[in-house]
Amino acid sequence: MIPKVFREVIDLGDGREISIETGKLAKQAHGSVVVQMGKAMLLCTVVSNYKQSPVDFLPLTVDYREKFAAAGRYPGGFFKREARPSDGEVLTMRLVDRVLRPLFPKDYHAETQVMIQLMSHDDEVMPDALAGLAASTVIQLSDIPFETPISEVRVARINGEFVINPSRTQLANADLDMMIGASADSVMMVEGEMDEVSEEEMASAIKFAHEAIKVQCAAQVRLAEAFGKKETREYEAEASNDELAEKIHNLAYDKCYAIAKKGTSKAERSAAFSEVKEEIIASFTEEELAEYGDLVGKYFNKAQKNAVRELTLAEGLRLDGRKTTDIRPIWCEVDYLPSTHGSSIFTRGETQALATVTLGTSREANQIDMPTHQGEETFYLHYNFPPFCTGEARPLRGTSRREVGHGNLAQRALKGMVPDNCPYTVRVVSEVLESNGSSSMATVCAGTMAMMDAGIEMKKPVSGIAMGLISDGDRYAVLSDILGDEDHLGDMDFKVTGTADGITACQMDIKVKGLSYEILVNALKQAREGRLHILSKLTDTIAKPNSDVKSHAPKMVTRTIANEFIGALIGPGGKVIQELQKETGCTIVINEDPVTEEGIVEILGTGQEGIDAVLAKIDSITFKPKVGSVYEVKVIKMLDFGAVVEYTEAPGNEVLLHVSELAWSRTENVSDVVNMGDVFDVKYFGRDPKTRKEKVSKKALLPRPPREDKKPALKKED
């Protein structure tokens, strides 16, 4: 039986289209859709259990995978099978999850799984920009409770014009690259990187993207109606007790307000709030606690949240006593670790990051091997968030999605300031040692100082700040440099990085509906003031990059050679280059430039003497004398028919000085004119067209004797 297929087409307005289709594939899932743009096709499914999970949160899993077969490629590795997700796939999962999660009902706790798979790839389509549209569409086609359709698009500015969902080729020429997630009414998520743009330019890009998202949301509604929109499923709602909520509010609110107003440290606040909570719990009988279950703790947390928010809105005060625009105390230090190539400590309040820099050759570049993209990164940043930084003890289970996402944000913030001619592969690692509010922004600041300490000639230093927003509809307060608690209780968490001249990266999660662009721009401008304050602390610590790398750090020298000399430098079986590395202690890497078809030799060494020895060897191998030029040579071998001489400026390059080119007069014995070790000049004449051998001459530089008169002598009688 041929399935009935339902399809909607979204016109991007420039000849490109996106189609969303259902009814053909994966019909046992609670919702399935195929999203296609060009030859790129994503299959997305959703399944949500009908039984509520016992946990008190939504156990949502968003999984995005790119199949190698989609691009006609084999997976790398021994088993030739897709394994753990790449960082690129993890980042796409996070982008989709952050927009979907807030739109499920607060009391919906059923295990829910959204799976997005790239089944066909198009080189001119970046599939991550379609993942949010696919995820929202399958939920609209299901009976899963969900507030409203959403979508995500990429917006880039290319030659001054905004473009929706550009290709990777177009993106290479963009000065702004952002992913926007939104419903028809509200922007909910922003993430991207920019080339020092202004706050107004960023807001304009968001507006442009939102208009495209509105069209995509409308297409989802039409498809669901044509398919036959299902009735939203019924589920067991959370227990509630309005009378209990009011009682706990009355018991807790004023006490929490007073604690929040004291402006104490995180540990002191936590202890004080816990004491109030325990007092309230103690006021109930065991029977009441057994009946109410977790409602007491839930309603206490709600009262605490309301008290803290009201303190900020009414009095402009925050949990640690700061005003809304205040930045926590900052102290910085560079060159802390003696053996690293660069290091720094950035501490802001109770958040601390220790950053290190390692310099290497192109061999240490981060290789990217995805079905949709292959390449390498010569600048990359890794972010580690161990449990002790928040005073916790928990198992370590590899790099988390959060660590991948925060590291990527910091990398995007800094990478545009790495000079184009930087010869090194640069790896920055941020170890978060304390965390109470935006360790990713501390990573940006620590990374900047560590790179400057390592001698990387950054174009400009970069700082970052995490901002928050609290609003009740009529009043709002923008908070600079938020605490961890303020991140949790606020209506917007946005991180902004940049130089003194503009924004380089951002990440926003907007929880309040219908946020006006006026508030957004005001918040971004307040963030700029905070960024500049933090930037001044960084430059007070290290004003400019060190003029050179550290004495124990490797120095990098690059040399370009013609392709014809690459084989000679490598030697048979790599003998020449291996011996040279062993003798000099340097690392030598040879790459071929596909454009110029020349060899690029990277020499990495800690000692200048070793580097000079490698350069001398390269000069020797690539030495090509010019016809008519004069060169100094040294006799290294005596023969009956001449002397073998070596160019002193290119040891190892030998040439035969024939006996006939020693002197103008006839030479019977070579040793009559030159001896072993003699140094003198010769003139180079190139290759003899008959013998094809190189010709040099000593006598050509000597004065030519006058010719003898060869006329016959006259006889006396003449």
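Two strands count as paired if DSSP finds at least two bridges between them. Keep that in mind as we walk through this predicted model, where local features need pLDDT of at least 70, side-chain atom pairs count only at pLDDT 80 or more, and totals for chains, interfaces and linings use all residues. Residues are numbered from 1 along each chain as its sequence is written, and side-chain values use heavy atoms, with hydrogens and water left out.

**Stop 1: the whole chain**

Show everything as a cartoon. You're looking at 15 helices and 29 strands; these are DSSP runs (helices H or I, at least four residues; strands E, at least two), numbered from the N terminus. The radius of gyration, taken over C-alpha atoms, is 36 Å, well over the 27 Å from the globule rule for 718 residues, so the chain is more spread out than a compact globule. That rule is 2.2 Å times the number of residues to the power 0.38. Along the principal axes, the C-alpha trace spans about 155 × 70 × 45 Å.

Now try a surface view.

**Stop 2**

Select 555–562, 587–592 and 598–605. Here is an open, antiparallel sheet in the order β22-β24-β23. β22 and β23 sit at the edges with a single partner strand each, so one side of each has no neighbour in the sheet. Neighbouring strands are turned by 20 degrees against each other on average, direction ignored; the axes behind such angles are lines fitted to C-alpha atoms (for helices over the stretch in contact), and angles run from 0 to 180 degrees between N-to-C directions.

Zoom in on β22 and β24: eight bridges join this antiparallel pair. Which residue of β24 stands opposite K555? Click on G605.

**Stop 2: a five-stranded sheet**

Move along to another open sheet, with antiparallel pairing and the order β27-β26-β25-β28-β29. Pick out β27 (654–658) and β29 (694–697): they're the edge strands, each with a single partner, so one side of each is left without a neighbour in the sheet. On average, neighbouring strands here are turned by 50 degrees against each other, direction ignored.

Finish with residues 630–639 (β25) and 642–647 (β26), an antiparallel pair joined by six bridges. Highlight M638, and you'll find A643 of β26 opposite.
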